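Subject: Structure handover

Hello,

Here is the structure for you to look through. My notes follow below it.

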Amino acid sequence: MASIQTEREDKFDADADFVFPSLTDLAPKGGSIDVSEVQLVSSYYDTADLDLLRRGITLRRRRGDADTGWHAKVPADKARTEIRLPLGTGEDAVVPDELADLLVGAALGKPLVPVATLTSLRRVHVVTGAGGAVLAEVADDSVSADVPGAPGSVWRELEVELGPAGSEKTLDKAAKVLKSAGATRSASSSKLHRALTTRPARPSSTPIGVVAAYLDEQAQAIFAGDVYLRRGLDPIHSTRVAIRRYRSTLRVFADLFDDEQAERFDEELSWYAGLLGEVRDRQVQRARFSAAVHTLPEELVLGPVASRIENDLLAEQIRSRAIVTTELDGDRYRRLLTTLTTWSQKLPLVDGAEDVGEKSLTKLARKASKKVARRIDQAIELGDDEALHKARKAAKRARYAAELMQPILGKKEAKAEIKKFKHVQEVLGEHQDSVVAAQTLQKLGRVAGVTPGENGFTFGLLYAREMQAAEAARAAVSDLSL
């Protein structure tokens, strides 16, 4: 059975003659720094096309220290999740089925084969607090890479891995010490990335490069979500957000993309987001309704209200999750992942898009901003749920466009735009959540009202509260200013 742990680390490059600095400032009073040395041999596996590496995922078979075993590292926000399996007996170097099954989506169904062997002479400095808890491990690695069909390479690398008792402050202090001694932030995401020759990175400093980098970031989150879903974890929300960001980019910056291909891919992303949404909606409503019931006076909760909510919605959530699990091995989903990979390799751009300037890109983002104002005015005028929902979607797209444009607009301006549209999104989101919640409560109340031993009264009360919340949110829309 695989174990899972979250890993947070920083990597630095150093010259061969780099003098490792003193780390005494990292240990608090009463703490200590223990030094040991070990030789590690890591055999890395990927597809022949390096599909895992393209997604920031690494799979290795390590020997030589306490971490001996199979490790699959998957991106997770600012950290990485490491899935571990024992090495097994003998010298069998075949990828265990459990890991192969988890990575089948990211590998696009292709076989996993050895792609490199890295040998590291590692000198580890373990920084502990006064009570002996580990704050961080700072490793000084001399690495040699053996890549089939390519000349070997040698380099020096430093790693700072956060310990259970460490914090972001620990990482910052360690980075400051290493950089003061002459180390630089690593340009590679992993040792394997440095060892292998991968496709040239698209220069993110160009306007089209900014768009491509943003889309690639979302693609990586979607692929990471695939691994976590297969592991039985819950990346539903983060995966849906990545899909929304991707689709918003296709809409806001539609002038850059081939219409037919973008429209077709948007439909597929919408299909997958819809499957995940069926799960997420039940998760959100279970929490929302449970909190609402617990705020009611005891005498107003008539019948097994909490159990009716939990049992019905959980059953629907489980059924929806089962559909997602089935689709993960379906042809349609596999084609979606293949398209995602193809777009990361080369976007289907219209003629001239590669040369688009910052001014043109900014104009498209500004157009998305103006659309929010128009949609809000329409919502205030019409006052119906559909108009409010359209305004909310426009606010989301404008917010994600501001995120994408940060390298061009600058951090200060982009953050102001993001904050503005996030506020609009939250106000309109509360309206939408209340409307959907009211519909669900009405359905639950109907069932409870005709079930012996139950009563629809409390559901009616909760329904009324949601309608009041929707009305309050609708009124708040009038106060929005852009």
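A residue counts as buried under 20% relative accessible area, as exposed over 50%, and as partly exposed in between, with a 1.4 Å probe and protein chains only. By that rule Tyr 272 is buried, because its relative accessible area is 2%.

This is a predicted model, in which local features need pLDDT of at least 70 and side-chain atom pairs count only at pLDDT 80 or more, while totals for chains, interfaces and linings use all residues. Residues are numbered from 1 along each chain as its sequence is written, and side-chain values use heavy atoms, without hydrogens or water.

Core

A nonpolar core is a set of buried Ala, Val, Leu, Ile, Met, Phe, Trp, Tyr and Cys residues joined through side-chain atoms within 4.5 Å. The largest one has 84 residues, and Tyr 246, Phe 257 and Tyr 272 are among those with the most contacts inside it. Helix α5 (residues 207-231) gives the most to this core, with 13 residues; helices here are DSSP runs of H or I with at least four residues, and strands are runs of E with at least two, numbered from the N terminus. A second, separate core has 18 residues, including Leu 26 and Val 177.

Aromatic pairs

Rings of Phe, Tyr and Trp (its six-membered ring) pair if their centres lie within 6.5 Å; planes under 30 degrees apart are stacked, over 60 edge-to-face, and the rest tilted. The whole structure has 7 such pairs. Tyr 246 and Trp 343 form a tilted pair, because their planes are at 55°, with the ring centres 6.4 Å apart. Tyr 246 is in helix α6 (residues 236-252) and Trp 343 in helix α9 (residues 331-345), 97 residues apart. Both Tyr 246 and Trp 343 are buried. Ring pairs also join these two with Phe 257 and Phe 265 in a cluster.

Salt bridges

A salt bridge is a side-chain nitrogen of Lys or Arg within 4 Å of a carboxyl oxygen of Asp or Glu. The search found 39 of them. In one, Asp 13 meets Arg 194, with the closest N and O atoms 2.9 Å apart. Asp 13 is in strand β2 (residues 9-14) and Arg 194 in helix α4 (residues 191-195), so the bridge ties together parts 181 residues apart in sequence. Asp 13 is buried at 18% relative accessible area, whereas Arg 194 is partly exposed at 34%.

Regards
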